[in-house]
Amino acid sequence: QMQLVESGGGRVQPGGSLRLSCAASGSGFGSYSMGWHRQAPGKQRELVAAITLGDSTIYADSVKGRFTISRDNAGNTVYLQMNSLKPEDTAVYYCNARFPYDSRVQFWGQGTQVTVSS
């Protein structure tokens with residue numbers, strides 16, 4: 001079992017920055033691929049960024065060049081640095097842990113709200 005707790009969300013003006021954190025408790029953090037997903041009102045949840053066991057990263061086209069995902073295996077934490085935020089980035093952001101050898105094994109955090117508005 002793994003529990004994920006997100007923090008760092010809030011309200012920011014367009015062009016601003018936020019850093020999301022996801023703290024994991026339980027065993028085996030270093031054995032999981034970690035990701036950030038988001039869900040805006042009336043839309044499906046979508047993958048924003050992910051980082052593998054070997055620190056390879058992938059990003060949604062809409063956030064490339066603006067967002068950076070990183071992980072601290074010693075601290076059991078994954079981060080999402082979000083720069084040049086746009087109103088369309090407004091959503092609830094969820095942390096996800098996925099076991100790479102069995103995608104049925106995954107865990108979700110409760111989500112943190114990010115609002116980009118002037």
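Contact here means heavy atoms within 4.5 Å.

## Ground rules

This is a predicted model: local features need pLDDT of at least 70, side-chain atom pairs count only at pLDDT 80 or more, and totals for chains, interfaces and linings use all residues. Residues are numbered from 1 along each chain as its sequence is written, and side-chain values use heavy atoms, with hydrogens and water left out.

## The disulfide

Let's start with the cysteines. The structure has 1 disulfide, a term for a pair of cysteine sulfur atoms within 2.5 Å. Cys 22 and Cys 95 are the partners, with 2.1 Å from S to S. The link ties together distant parts of the chain, 73 residues apart: Cys 22 belongs to strand β3 (residues 18-26) and Cys 95 to strand β9 (residues 91-98). Strands (E, at least two residues) and helices (H or I, at least four) are DSSP runs, numbered from the N terminus.

The torsion about the S-S bond of Cys 22 and Cys 95 is about -85°, so this disulfide is left-handed. As for accessibility, buried means under 20% relative accessible area, exposed over 50%, and partly exposed in between (1.4 Å probe, protein chains only). Cys 22 is buried at 0%, and Cys 95 is buried with a relative accessible area of 0%.

## The nonpolar core

A nonpolar core is a set of buried Ala, Val, Leu, Ile, Met, Phe, Trp, Tyr and Cys residues joined through side-chain atoms within 4.5 Å. The largest one here runs to 30 residues, and Leu 4, Met 34, Trp 36, Leu 80, Met 82 and Tyr 93 have the most contacts inside it.

Take Met 82 for a closer look. Setting aside neighbours within four places in sequence, Met 82 is in contact with Gly 16, Ser 17, Leu 18, Leu 20, Arg 66, Phe 67, Tyr 93 and Val 114. Leu 20 sits in strand β3 and is buried, at 0% relative accessibility. If residues up to four places away in sequence are not counted, Leu 20 touches Ser 7, Gly 8, Gly 9, Trp 36, Val 78, Tyr 79, Leu 80, Met 82, Tyr 93, Thr 112 and Val 114.

Arg 71, in strand β7, is a buried residue with no salt bridge, and its nearest side chain of opposite charge is Asp 55, 4.6 Å away. In this tally, Lys and Arg count as positive and Asp and Glu as negative, while His and the chain ends are not counted. What Arg 71 does have is polar contacts (N or O atoms within 3.5 Å; within protein, one must be able to donate a hydrogen and the other to accept it, and residues adjacent in sequence count only if both atoms are side-chain atoms). The Arg 71 side chain reaches the backbone oxygen of Tyr 32 at 2.8 Å, and a polar contact of 2.8 Å joins it to the side chain of Asn 73. Beyond residues up to four places away in sequence, Arg 71 touches a list that includes Phe 29, Met 34, Ile 51, Asp 55 and Thr 77.

Thr 77 is placed in strand β8 and is buried, with a relative accessible area of 12%. A polar atom of the Thr 77 side chain lies 2.9 Å from the backbone oxygen of Gly 75. Leaving out residues up to four places away in sequence, Thr 77 touches Ser 21, Cys 22, Ala 23, Phe 29, Ser 70, Arg 71 and Asp 72.

## Salt bridges

A salt bridge needs a side-chain nitrogen of Lys or Arg within 4 Å of a carboxyl oxygen of Asp or Glu, and by this rule there are 5. Arg 38 pairs with Glu 46, the closest N and O atoms being 2.7 Å apart. Arg 38 is buried at 6%, whereas Glu 46 is partly exposed at 35%. Arg 38 also meets Asp 89 in a salt bridge, 3.0 Å from N to O. That pair links distant parts of the chain, 51 residues apart, with Arg 38 in strand β4 and Asp 89 in the loop between β8 and β9. Both Arg 38 and Asp 89 are buried.

Then there's the salt bridge between Asp 102 and Arg 104, at 2.9 Å from N to O. Asp 102 is partly exposed at 21% relative accessibility, while Arg 104 is exposed at 73%. Salt bridges that share partners bring Arg 38, Glu 46, Arg 66 and Asp 89 into one network.
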